[in-house]
Protein chains: 2
Amino acid sequence: MSLEAPWTRDELLSRLRDVGASRYHDKHPFHLRMHEGKLSKRQVQGWVLNRYYYQTRIPIKDAVILSKSEDSAFRRAWIKRIHDHDGTPGGDGLEPRAQEGGLVQWLRLADGVGLSRDEVLNLSRVEAGTRFACDAYVSFVRERPLLEAVASSMTELFAPEIMADRIAAWETHYTWIDPAILDYFRARPPRARRDSTEALDFVTTHATTRAAQELCVAALVTKCQILWSLLDAVALAYPDEPSLAEPSRDGPSLREPAT
Amino acid sequence: MSLEAPWTRDELLSRLRDVGASRYHDKHPFHLRMHEGKLSKRQVQGWVLNRYYYQTRIPIKDAVILSKSEDSAFRRAWIKRIHDHDGTPGGDGLEPRAQEGGLVQWLRLADGVGLSRDEVLNLSRVEAGTRFACDAYVSFVRERPLLEAVASSMTELFAPEIMADRIAAWETHYTWIDPAILDYFRARPPRARRDSTEALDFVTTHATTRAAQELCVAALVTKCQILWSLLDAVALAYPDEPSLAEPSRDGPSLREPAT
């Protein structure tokens with residue numbers, strides 16, 4: 001633990017951005033290949049399928065964060081994240097207006113890349129490594145103080161850019177995917193900006209010592225490791241293969257037969 | 001654990017109502033005296049102050065319940081309870097309309113019975129027994145399976161009647177209280193009916209064995225004990241005293257001097 005003076009908000013933000021620059025999952029080889037248009041349909045499906053498990057953990061970890069706060073105003077702001085994923089019903093007069101959630105949008109994405117809705121929903125094809133990484137996120141948030149739990153959400157700082165790149169890359173390279181199903185990616189940037197600003201405000205206000213700030217940076221490192229590990233699991237389960245449309249330069253003859 | 005056939009929905013509801021009939025806190029001597037108009041202003045204040053701590057635990061335990069569910073539709077329904085207590089902000093276009101929460105209404109009630117807002121908010125005058133009982137509720141919900149956590153909420157089955165009685169009793173007996181501040185009690189009955197029906201539906205659907213049903217009944221007993229224990233703590237801390245306005249028949253001379 002450091003006894004040095006706390007960083008200013010800008011210094012803290014700079015440290016957090018350094019974490020993103022070196023560790024955010026946009027640098028993962030599988031992710032680079034996704035945005036370069038080099039994934040097969042099967043690999044895209046594998047990513048969508050496994051990433052759905054991550055999506056299902058988000059409202060759960062956000063509910064854990066809600067349950068850790070003693071502050072009604074904090075909860076009133078944070079609860080929007082749960083609605084963003086679960087959606088809101090509407091219509092009985094006591095409730096806000098209906099709003100579609102990110103989970104439903106993700107399921108439409110899964111339909112659109114050719115996955116069976118049932119096998120996405122029942123999570124039976126999710127890799128063990130994906131489960132361990134995503135469950136580790138929920139456990140981290142459950143076991144750590146509210147401050148570190150909030151800090152771990154700040155990968156949202158880096159999300160708007162990756163979403164814009166993804167939409168462009170998918171529209172360019174994966175022309176077999178209907179662009180209409182990319183709603184999830186389109187909806188994220190404004191929410192990610194709002195959410196990451198809120199989280200940064202909270203962390204800046206509540207991490208008043210250098211030691212606390214360092215724990216927040218460490219929380220963001222852990223979160224980046226979680227996202228990275230998910231892609232490791234997907235990359236291992238869905239290795240590169242010669243595409244039917246574009247055989248690799250080495251040609252199919254050098255590959256082992258499927259076993 | 002019982003190996004007998006599961007109860008029907010009506011039989012289960014009848015068991016739950018039996019728990020309410022014998023154990024719900026409307027039978028507690030302090031509560032009976034409240035509705036008979038026999039509490040002093042100081043006792044009413046003591047109840048409002050201590051019960052505020054219970055109110056603050058509700059959105060926390062509901063967030064714990066949210067975090068225990070894997071079902072987006074369940075969470076989408078249950079999350080309303082958190083809004084009911086915390087309220088919703090509104091206005092940025094991504095959010096539902098603003099709605100006042102029960103915690104704010106309770107604070108207005110506290111103002112109206114003459115408590116200092118600060119000493120209500122900082123919880124410094126909450127009795128230890130109140131904290132232990134309310135914290136036990138959050139712990140129960142955290143430690144038990146979702147089914148029992150939901151079952152423990154079903155004191156809402158008995159709430160609409162007690163609220164109607166309370167408004168009538170307070171308006172009749174505590175004429176020093178402005179009836180305009182009883183909004184919290186007025187807002188509860190429709191929500192309690194909606195919430196208890198939802199919880200009963202969930203319990204009926206998911207408690208498919210007699211053993212599971214018995215655990216649900218036991219959860220409701222525990223919850224009734226929690227509400228009862230809160231009133232024990234308040235009654236011990238705020239014993240009856242000759243009112244300044246209405247001296248007791250024995251007269252003040254028989255009382256011990258204050259120590």
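**How chains A and B meet**

Of the interface residues of chain B, 100% are also interface residues in chain A, so the copies meet through the same surface. This is a predicted model, in which local features need pLDDT of at least 70 and side-chain atom pairs count only at pLDDT 80 or more, while totals for chains, interfaces and linings use all residues. Residues are numbered from 1 along each chain as its sequence is written, chains are lettered from A in the order in which they are written, and side-chain values use heavy atoms, with hydrogens and water left out.

The contact (heavy atoms within 4.5 Å) draws 31 residues from chain B and 31 residues from chain A. Together the two chains bury about 2,700 Å², with 55% of it on carbon and sulfur atoms; buried area is the accessible area (1.4 Å probe) lost on being put together, summed over both parts.

Between chain B and chain A there are 4 salt bridges (a side-chain nitrogen of Lys or Arg within 4 Å of a carboxyl oxygen of Asp or Glu). One salt bridge joins B:Arg57 to A:Glu70, with the closest N and O atoms 2.5 Å apart. On the side of chain B that touches chain A, the elements giving two or more residues are α3 (41-68), α4 (72-86) and α10 (183-206) of chain B, helices being DSSP runs (H or I, at least four residues) numbered from the N terminus. The most comes from α4(B), with 8 residues.
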